Amino acid sequence: MRLWTRVRSWSRAILDRSRAESEMDAELRFHIDAYAEDLIRSGLPRAEALRRARVEFGGVESAKEECREALGVRFIEALVQDLRYGFRTLRKSPGFAAVAIFTLALGIGANTAIFSVVYAVVLKPLPFANPGQLIFLSEAKPQQGIPSAGISYDNFTEIRAQNHVFSELAAAQNHQLTLTGHGDPAAVDTADVMPELFALLDVKPVLGRTFVSEDGKQGAQPVAILSENFWRDRFAADPNVIGSSVSLDHRSFTVVGVVPAAPATLFSPTPIQFWIPLAQDPLFGPWIPRQGLRWLGIVGRLKPGVSIAQAQAEMDAISARLAAKFPAENTGWTIRLKPLQQVIVGDVRTALLVLLGAVGLILLIACANISNLLLARATSRGKEMALRIALGAGRSRIIRQLLTESAALGLLGGAAGVLLAYWGVHALISFLPSSLPKINDVRVDASVLAFALLLSVLASLVFGLAPAFFAAGSRVQSNLQESGGRAGEARARRFARSFLAVAEVTLAMILLVGAGLLVRSFLTLTSVSPGFDARNVVRAEISLPQFQYSKPEQWTAFSDELLRRLQAQPGMRDSAIGLPLPLDAQGAATLGFEIAGHPPLPKGTPETADYVSISPEYFHVMSIPLLRGRTFDDQDIRSAPMVTIISEALAHRYFPDQDPLGKQLIFSFPPNPGIPRQIVGVVGDVRDVSLGRDPGPMMYVPFAQAPLWGAEVVVRSNLSPESVSATIRHEVRQVDKDLPVTNIGSMAGSLDTSVQQPRFRTWLLGLFAAIALVLAAAGIFGVISYSVGRRTHEIGIRITLGATPADVLRLILGESARLVLVGLAVGIPAALGLARLLSNLLFAIRPADPLTLAAVSLLLLAVATVAAYIPARRAMRVDPMVALRHE
Amino acid sequence: MAKQLDLLQGTLDMLILKAVSLGPLHGYGVLLRIQQISKDRLEILQGSLYPALYRLEHQGWIESEWGESESKRKAKYYRLTAAGKRRLEAETEKWNRMADVIAGILGTTSEEV
């Protein structure tokens, strides 16, 4: 109530200024007139009465001013006045303004750009109703080091039936299918889902309907849903698409609806184009009844008021029950819950937060720099301030004015920074790794602008506070006499400037150490041998439609035919098949195995290795060395004895002091699980998951004995990658004109793509560190320049007394070196502490890397010396006569 | 005339509230009323009256309305609001307690310590 009257009187006073003013006038005039009349009545002459009334009332203007202040109008008025004054003073010193605004724009721009990425990727909630309730379920087997695996269909059904914490649970998988009949055959990213998923996410169709539970039954009529983006791109947003049929993997699906693009990136890094019921997927449909096969990703929605910890407690109980009921499949496995948002954002979170921290440091350095500039300016503005104080301005009023001037600077810098960020975000998006989740949401929007504004104001306070207090504290007397430069408070100001320079060195040190570590780690990462030779190798992927190519014989026939044709092309003799290829974006095929005749491992706990199905030429084409035994040959066909080749790591780990050749492995993988395979060779290790991960155990099988519904081709050729790609496309079309070729390109390109994220963060942090270094150098330059100017007199005396130019140089450079050394002394422990945050991003290098620390320290010292050398030269040329007369 | 006392800091607001609690007054009227009930023993700077009135109105303890003065001129009249009435009661009570305490302290003799 009281608040409301206050707001009302305030808003009235501001909005209706002229009325408020005239009423105030009238009221005060009435008072003076009424008093004068009383005085006349008491016998004073009219003129004398009027004079006395006015004198006794006191200053009318100051009374009005106090009235305005009482209404709160005064503050706004002063603010506007100060802002206007601030802009005017900036215009009067364009050099200072340009440097300060540019510095600030750099800091705020970098922060805004990185924040826009962090906001879109990490902070912005998922575009679904109550996204905090969405949970991702997986299973883990800690004792065997499996942090996360899918959930089997059986377990999913049990969890769904037994739990009391989820209002709904639905499973999903994704799979590439071949779309034919709409222009060129295309591989489309398809999500295989349970119908309940749409209701769970609360996704409403743009057109038609979503799935109903009938659609999810085995044997139901095949139906499909289009993603809005794909519907617009490929179907020209045709509303008649509902009810029409599309051919996926040569099976006809009826389109029943179109859904928004929002959930499209939920389950795969590439946007989903089609949605079909899980049971209708040619590959996964038949997997549903298989026990113990962990392959489903599960999304659940928590009931209102249920916490993730409560849900986890119940899942632990269910895990225990499952293990008791089905010990073979579930012993040692536990269900793990994670917020869906966290799963989608994944491990880029750390890298992005590190980058955000880095730009934060840059802004701090920028603020320190501007603070320093302001302090230098305050010296020259001392007289103006003294005059203001002499004229009656209070200390708080002066501070307010200077802070408002800083705010003017901050707002201009912020505006320039937003422009910079707008441009920077565009550059950043093209530079961001395409595997970054939610990358399409990155933009400068209202939240990002609000962040930039907040940052501008905060920065203004940070860089404006110290100079404002110093200015307001200056003593009137000394400044009016224009000898303020040597007064005692100048020492405090000098200390403040040195302190700021040291802080800049410290902050730059932290950034440089971070960048140095990432650069060293990245160089090591890209120079590590992947275990194969990617040069001159072109890769391509062909996925066979399941309904048309349903039998393993057809798969082998296709791959044989394709390989025969490719090898017949000039210059493409070295062609082979390998599935999956190393560093594939979809990851490795990690499978369990047992060693025949070995002391049996407890059932349900198979060891795992990465499985690859290859044609005999594969090792030769990829230049993977054969260490023992033999490679596959044309004799290793389906009817021949089953064979396998293992990697060195597998041999080392499971046959530490025996000869693996002749031993037998049993895999649990279709099409022929449970069949023992004899080990006939050992080959070199390959980093198949990522360059940063040590090679794990691998097992290779002949494609002819273990065919799959598609093939990945590798061709080593001296021809250009373009012409090899063209030939591959041509030959695939010759075999079957309806087959799309995907993921085609040079193997070196795949290698490159696999290090996109580390490269991105390394470049960016390197760039930020470079900016920090330049800003810190500018800070040192400023402080030393100022100091040389101040010490001109002293230097003159020294020269007169016989100091050589070299002595003067030593004096000045020594001052800069002292600043840097103090900065390093603080910076090294700080950098060591903060570098630990990077440890997850580092490859083969420890955060406390002495080489990086030493290199960075030397670099800072060298750069600071160069920065100080410019003013030092000026000091060396001081003419003692001029200097002594100077004061 | 007895010597006038300077106004204790913060007491002007209380006096204004008391003055208008006895009936609506314009600014000059407030001054006269305070002088009248204090029997001219308080020195009030006329110029300081209006900022205080504005502040009290801004805080919602008094409200104003334009009306006609005894001399048939337009004048701004102030009246106590309900919130102002409560405020005055609270201030009065506080003042009395404070005055008692201060008087007690100042009246203490050396034997009583």
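This note comments on the two chains of a predicted model.

1. Residues are numbered from 1 along each chain as its sequence is written, and chains are lettered from A in the order in which they are written. Because the model is predicted, local features need pLDDT of at least 70 and side-chain atom pairs count only at pLDDT 80 or more, whereas totals for chains, interfaces and linings use all residues.

2. Between the chains, 22 residues of chain A are in contact with 20 residues of chain B, contact meaning that C-beta atoms placed from the backbone lie within 7 Å.

3. Helix H26 of chain A (residues 805-835) has 31 residues and spans 42 Å from its first C-alpha to its last, close to the 45 Å expected, a value defined as 1.5 Å times one less than the number of residues. At A:Gly827, shortly before A:Pro829, H26(A) has a kink of about 30°, taken as the angle between axes fitted to the seven residues ending there and the seven starting there.

4. Phi is positive in both, about 50° for A:Asp249 and near 65° for A:His250, although most residues other than glycine have a negative phi.

5. The peptide bond from A:Leu579 to A:Pro580 is cis, with omega near -5°, and A:Pro580 sits in the loop between strands E13 and E14 of chain A.

How values were computed
Contact = placed C-beta atoms within 7 Å. Helix = DSSP H or I, 4+ residues; strand = E, 2+ residues; numbered from the N terminus.
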